[in-house]
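Q: Could we go through this structure together? I will begin with a strand pairing and change topic as we go.

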Amino acid sequence: MASVTFKNVQKTYGGKVKVLHGIDVDIRDGEFVVLVGPSGCGKSTLLRMLAGLEEISGGEILIDGKVVNDLEAKDRDIAMVFQSYALYPHMTVGENMGFSLRLRKADPQATEERVAKAAKILNLDHLLGRYPRELSGGQRQRVAMGRAIVRDPKVFLFDEPLSNLDAKLRVAMRAEIKALHQRLKTTTVYVTHDQIEAMTMADRIVVMHDGIVEQIGTPLELFDRPGNLFVAQFIGSPSMNVFEGTVNDGAVEALGARWPLPPGTAARHGQAVHYGIRPTDLRLADSGVAARVVVVEPTGAETELLVQVGDARLVVVMHGRTAAQPDDTVHLQFDPVKAHVFDGKSQQRL
């Protein structure tokens with residue numbers, strides 16, 4: 001196992017197009033860290049630079065305290081699991097898993113033992129003689145993970161490994177990867193654009209956007225106290241309700257109503273702000289902010305309402321069921337402590 005450190009890491013293509021603008025991240029030994037962000041934010045580029053598959057334009061990358069900028073990928077003692085599985089079609093499961101050890105001319109018996117051990121961990125021991133074409137998508141992904149495990153690397157790298165799987169299988173594989181990390185305790189860097197994957201799997205999340213780090217924290221820290229408007233709207237599903245308003249006498253005037261400021265908010269009178277409240281923090285009540293129901297979406301355990309307040313549409317997620325129907329008028333209430341206020345210009349949390 002090992003720590004991973006990015007120090008002012010930059011990436012420029014052709015000397016002109018800068019895609020990473022000085023990334024600083026410290027990943028502790030044995031930690032599971034997820035790099036998350038929209039397409040084009042630079043997360044996969046950063047992972048490939050850590051793997052040695054992309055050149056570094058500036059800064060330093062350290063593994064276990066050692067600068068690896070100029071080390072070949074094969075000398076970095078990392079193992080990478082790709083989105084496309086990257087299995088050899090003419091090799092069996094066992095041969096795919098042990099291929100890297102055979103390239104190193106490792107002892108055949110030791111290789112066989114390590115493949116068997118990894119196969120047992122991943123429940124692949126009954127599939128060692130099959131070829132990739134004879135496997136399901138989830139089984140192929142487990143083979144790719146097994147190939148990484150047998151190398152016993154210092155760091156595991158995952159590049160959107162679940163994006164080719166169907167929704168049900170993604171949920172199952174999320175649990176498998178997390179359980180695997182808890183068993184092996186190997187430092188893991190995982191890239192995804194799916195914030196649900198990030199929330200459910202990570203010890204800490206690095207939120208990236210346009211080549212910079214927006215915020216680093218535990219899943220619940222990012223959910224409860226997003227540092228800026230981008231993180232607030234990116235983390236959480238459904239997305240946070242956000243609308244513009246003006247601070248006036250301890251509240252925000254917006255959408256024809258007054259929305260109370262959370263305690264301790266450093267906002268001044270007349271300041272333009274973005275006001276946010278998560279769908280799960282809104283509730284229906286006998287009084288409060290009036291809203292017109294637009295759509296009712298029952299999902300069984302929960303009901304999702306799309307409501308119109310002024311010129312904005314808000315989402316309400318409530319436990320259980322409701323008698324509300326489209327065009328009904330309902331009233332919304334919430335605990336002001338759960339509200340989020342961001343500066344109108346800088347979009348930073350107030």
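Q: Which residue in E7 does Met 80 stand opposite?
A: Met 80 stands opposite Leu 157 in E7. The strands and helices named here are DSSP runs numbered from the N terminus (strands, E, at least two residues; helices, H or I, at least four).

Q: In what sense do E6 and E7 pair?
A: E6 and strand E7 (residues 155–159) pair in the parallel sense, over four bridges; pairing requires at least two DSSP bridges between the strands.

Q: Are the residues on the faces of E6 buried or exposed?
A: On one side of E6 (residues 78–81) Ile 78 and Met 80 are buried, and on the other Ala 79 and Val 81 are buried. Buried means under 20% relative accessible area, exposed over 50% and partly exposed in between, with a 1.4 Å probe and protein chains only.

Q: Is this model predicted or experimental, and how are residues numbered?
A: This is a predicted model, in which local features need pLDDT of at least 70 and side-chain atom pairs count only at pLDDT 80 or more, while totals for chains, interfaces and linings use all residues. Residues are numbered from 1 along each chain as its sequence is written, and side-chain values use heavy atoms, leaving out hydrogens and water.

Q: Now His 274: where does it lie?
A: His 274 lies in strand E14 (residues 272–277). His 274 counts as buried because its relative accessibility is 9%.

Q: Which residues does His 274 touch?
A: Leaving aside residues up to four places away in sequence, His 274 touches several residues, including Leu 229, Phe 243, His 340 and Gln 347; contact means heavy atoms within 4.5 Å.
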